[in-house]
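Please read the following report alongside the sequence and the coordinates.

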Amino acid sequence: MAGDSETEKEETKGQRMDSQEINAYQSPVSRIPRFWRNNPVLWFATCEAVFSTSKVTSCTIKFQLLIPNIDQDVSIHVQDLITDPLKQSYENLKARLLQTYGESGNLIIKKLLKDIPLGDQSPSHILRRMQQLAGDCVNAEFIRTLWLKNLTTRFQPILAATEHTDVERLAAIAYKIHEVSAPTEPMV
């Protein structure tokens, strides 16, 4: 018996998956969502969280786990990566999908420069929306300036008078102003 297991190890060495790889295929598969064309950055962040909690570190396994979650009309854009074993890598797949479906820095800045209506959202909600939209394309000072510009005049003088420059602190102050001020005036 002992000889048989030794022979089996030698015959399958390099061809058999270890237990981590087997578990990687079983557990995260059901938790990886279908590809989100409208937000590929968030989709990859979600998938990477699944990989992390499932202890999937192999780029090959990551690639193989993602492919079934990409619709046919999206896979056309990565067909060469799927069919060519030399190009099959998680990094290549991620780069191509982000390039194809991600928003360019110029488009993000254009969206930010448009007046973003607050509607019934609090100042902190609009700040979060702007930060999410900006991602890593713009610096925090630019976001702070745009956010302050989009607030109504009831917020602007009070926030300008504070000595705080941290946008999170300013958002907290704006939220308190919003809570205590009359709700008759629209936010924007």
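## Basis of the model

This is a predicted model, in which local features need pLDDT of at least 70 and side-chain atom pairs count only at pLDDT 80 or more, while totals for chains, interfaces and linings use all residues. Residues are numbered from 1 along each chain as its sequence is written, and side-chain values use heavy atoms, with hydrogens and water left out.

## Fold and burial

The protein has 12 helices and zero strands, where helices (H or I, at least four residues) and strands (E, at least two) are DSSP runs numbered from the N terminus. Of its 188 residues, 31% count as buried, meaning under 20% relative accessible area, with exposed over 50% and partly exposed in between (1.4 Å probe, protein chains only).

In helix α9 (residues 123-134), the buried residues include Ile126, Leu127, Met130 and Leu133, and the helix is followed by Gly135, whose phi is positive, near 60 degrees.

## Salt bridges

Eight salt bridges are counted, each being a side-chain nitrogen of Lys or Arg within 4 Å of a carboxyl oxygen of Asp or Glu. Asp80 pairs with Lys87 at 3.3 Å between the closest N and O atoms, and Asp80 also meets Arg96 at 2.8 Å, N to O. Arg96 lies in helix α7 (residues 90-101) and Asp80 in helix α6 (residues 79-83), so the pair ties together parts that are 16 residues apart in sequence.
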